[in-house]
Amino acid sequence: MKRVQVIDSHTGGEPTRVVVSGGPNLGQGTVADQLKIFREHHDQFRSAVVNEPRGSDVLVGALLVEPSDKSCVAGVVFFNNVGYLGMCGHGTIGLIVALAHMSRIKPGDHRIETSVGIVTATLHPDGRVSVRNIPSYRKAKAVVVEVAGIGPVTGDVAWGGNWFFLVENYGQQLNLSNVENLTDHSWRIRQAVNAKGFPEVDHVELFGPPTSAGANSRNFVLCPGKAYDRSPCGTGTSAKLACLAADGKLAEGETWVQESIIGSVFTGHYRRDGDNILPTITGTAFVNGESTLVLNEEDPFCYGIR
Ligand code: PYC
């Protein structure tokens with residue numbers, strides 16, 4: 001039997017499971033190198049941690065690893081029900097709160113090495129976390145795709161640590177009672193975008209008017225494994241800031257308040273960095289579990305339902 005220590009949290013409703021110990025040995029390379037070894041040799045561990053019967057489609061895993069850059073407090077590989085994520089905004093906020101919960105860090109700035117670059121997370125004394133994300137940018141504006149059963153849909157392709165297709169004022173009700181419809185639409189949109197020559201896009205983000213006072217926008221974000229993000233999505237909000245900056249709709253330093261499909265909120269702002277922007281996303285996470293996963297090879301679903 002193998003024992004795996006995890007700390008569970010949620011960030012604006014979106015869960016993160018941090019693997020603290022019991023994970024595979026991924027060597028001494030960069031986190032990008034370690035992700036490659038994880039993917040090629042230990043993918044069943046990913047599935048064991050996040051898939052049913054221990055997890056669920058919505059769960060994002062965060063494997064704590066040794067950073068190659070020693071100025072970092074930790075390295076992390078993010079993963080989900082179907083594969084791996086470059087960066088994860090809600091997951092980084094969850095990771096920081098989990099590290100504080102374990103008394104490994106105190107309020108202040110903490111550098112974290114991810115597979116797509118180093119981010120700096122600030123743990124504020126009141127428990128909020130701000131993540132200075134990697135450089136983000138818009139790759140293509142107003143791409144029109146013909147979506148099966150829907151018709152033409154226009155959106156932008158942007159990078160915020162993952163690849164997004166962002167659709168403004170989608171028109172569908174962005175609320176929980178419409179989630180099945182939104183999931184179906186977003187999945188079709190993703191297939192059309194991938195077929196149009198953007199195979200890298202794996203998240204679709206639909207925008208509409210906010211419902212809470214003070215918010216600028218509400219979103220629905222479909223993740224690569226067909227689960228929707230309960231949080232406003234940190235990398236998706238970074239991609240959104242990149243598009244707003246490129247369109248001259250949000251000034252450097254100005255605050256953007258992004259509401260999720262369940263009404264949770266991230267605030268964001270950016271600094272310019274040449275053709276890119278450097279987004280900062282702020283949110284709150286709560287630890288809601290400390291547990292030991294047991295991996296028993298005799299269990300036919302030891303490595304999850306795949
Ligand atoms: O917060 O960046 C994020 C994220 C990506 C997928 C789920 N959450």
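**Ligand site and cysteine residues**

In the predicted model, the ligand is surrounded by E14, C88, G89, H90, H203, C223, D229, C233, G234 and T235, where a residue is counted if one of its heavy atoms lies within 4 Å of the molecule. Local features need pLDDT of at least 70 and side-chain atom pairs count only at pLDDT 80 or more, whereas totals for chains, interfaces and linings use all residues. Residues are numbered from 1 along each chain as its sequence is written, and side-chain values use heavy atoms, with hydrogens and water left out.

At least two residues of this shell come from each of the helices α3 (89-101) and α5 (234-246) (DSSP runs of H or I, at least four residues, numbered from the N terminus). Oxygen atoms of the ligand lie 2.8 Å from a polar backbone atom of G89 and 2.8 Å from a backbone N or O atom of H90. A side-chain N or O atom of D229 is 2.8 Å from a nitrogen atom of the ligand. On its own the ligand has 240 Å² of accessible area, of which the protein covers 99% (Shrake-Rupley method, 1.4 Å probe).

The number of disulfides (pairs of cysteine sulfur atoms within 2.5 Å) is 0. For C72, the nearest cysteine sulfur is that of C88, 17 Å away. C72 is buried at 8% relative accessibility (buried: under 20% relative accessible area, 1.4 Å probe, protein chains only). C243 is likewise buried, at 7%; the closest cysteine sulfur to that of C243 belongs to C233 and, at 13 Å, is too far for a bond.

Terms used: Buried means under 20% relative accessible area, exposed over 50%, partly exposed in between (1.4 Å probe, protein chains only). A polar contact is a pair of N or O atoms within 3.5 Å; within protein, one must be able to donate a hydrogen and the other to accept it, and residues adjacent in sequence count only if both atoms are side-chain atoms.
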